[in-house]
Amino acid sequence: MIRNRQFMTGLGIGLIVGALLLQIMMIGQGPNGKLQTKEQIEQAAAALNLKVVSADQELLTEEEWQEKTEQEQAGLDEGIESEDPVDPSNPDAPNTPGAPDDPDLPGGKGAVSVPETTSPASPKEPDKATVTYKISHGSTLTGVAEGLLKAGVISDKEAFLQAAKDKKINYKVRTGTFTFEQGEDFGSIISKISSTVK
């Protein structure tokens, strides 16, 4: 018994000393490559040919950048056609008012023009959205119905299942990727997903 007790005591002390040494070694290794300062992050990004951007800067894709520059250019074009010209040599100087135009003359500043009104166009029916849905191998008709319901292709799962059972396609669902329109007829959906329809 005493011999076993000495062994267990030695094993326990060894584990404690090993854990302490492991902690000391981990402390000695430093921050393990973690970036602590902004300069360290910028240096690491430069080494990877990346750019560091602050959170308040706006990031745009190339298309968004082109749209923004086009909109700004259009805004500048409209600003050029302002009524009061600004003296380029002294832009901060106030403009001197000119003589008022005669409001009785056509085109005068005081003239009120009435815009032409047109009748509103009759609203056209919006295009139905198309949904692409993938049926994987081993899918059941119930699983397909749930997926079509979530995708917005059908609005009533039970009615779809009943229509499919009436056409006897319970175990004949094809695998593949199919394109449906939202609100498409059950018969059309069933004919697409079934290899044989009665």
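Lys 38 lies in helix α2, which covers residues 38-47. The model is predicted, and the side chain of Lys 38 counts as exposed because its relative accessible area is 58%, above the cut-off of 50%.

Asn 49 is found in the loop between α2 and α3. The phi angle of Asn 49 is near 60°, a positive value in a residue other than glycine. Most residues other than glycine have a negative phi. Asn 49 is exposed, at a relative accessible area of 72%.

**Overall arrangement and confidence**

The secondary structure of the protein chain consists of 6 helices and 2 strands. Along the sequence these elements follow the order α-α-α-β-α-α-β-α. The chain has 198 residues, and 13% of them are buried.

The average pLDDT of the protein chain is 76, and 68% of the residues score at least 70. Confidence is highest in α1, at a mean of 89, and lowest in helix α3 (residues 62-80), at a mean of 79. Where pLDDT is low, the predicted coordinates should not be read in detail.

**Surface patches**

Which residues form the nonpolar patch on the surface? The patch is made of Ile 13, Val 17, Leu 21, Leu 22, Ile 24, Met 25 and Met 26, and together they have about 690 Å² of accessible area. One of these residues, Leu 21, lies in helix α1, which runs over residues 2-28. Leu 21 has a relative accessibility of 48% and so counts as partly exposed, since that class lies between the cut-offs of 20% and 50%.

A patch of negative charge on the surface gathers Glu 62, Glu 63, Glu 64, Glu 67 and Glu 70. Glu 62 has its place in helix α3. With a relative accessible area of 59%, Glu 62 is exposed.

**Salt bridges**

How many salt bridges does a search of the whole structure find? The search finds 2. Side chains of opposite charge can pair when their charged atoms come close.

| Lysine | Glutamate | Closest N and O atoms |
|---|---|---|
| Lys 157 | Glu 146 | 3.0 Å |
| Lys 192 | Glu 184 | 3.1 Å |

In the salt bridge of Lys 157 with Glu 146, Lys 157 belongs to helix α5 (residues 157-166) and Glu 146 to helix α4 (residues 141-151), so the pair ties together parts that are 11 residues apart in sequence. Glu 146 is partly exposed, at 36% relative accessible area.

Glu 184, at 13%, is buried, because its value falls under the cut-off of 20%.

Definitions and conventions: Residues numbered from 1 in each chain as written. Predicted model: local features only at pLDDT ≥ 70, side-chain atom pairs only at ≥ 80, totals over all residues. Heavy atoms only, no water. Patch = residues over 30% accessible without salt bridge, like charges linked within 9 Å, V, L, I, M, F, W, Y side chains within 5 Å. Areas by Shrake-Rupley, 256 points an atom, 1.4 Å probe, with all protein chains shown as cover. Salt bridge = Lys/Arg side-chain N within 4 Å of Asp/Glu carboxyl O. Helix = DSSP H or I, 4+ residues; strand = E, 2+ residues; numbered from the N terminus. Buried < 20%, exposed > 50% of the residue type's maximum accessible area, 1.4 Å probe, protein only. pLDDT = per-residue confidence, 0-100. Lys, Arg positive; Asp, Glu negative; His and termini not counted. Charge placed at Lys NZ, Arg CZ, Asp CG, Glu CD.
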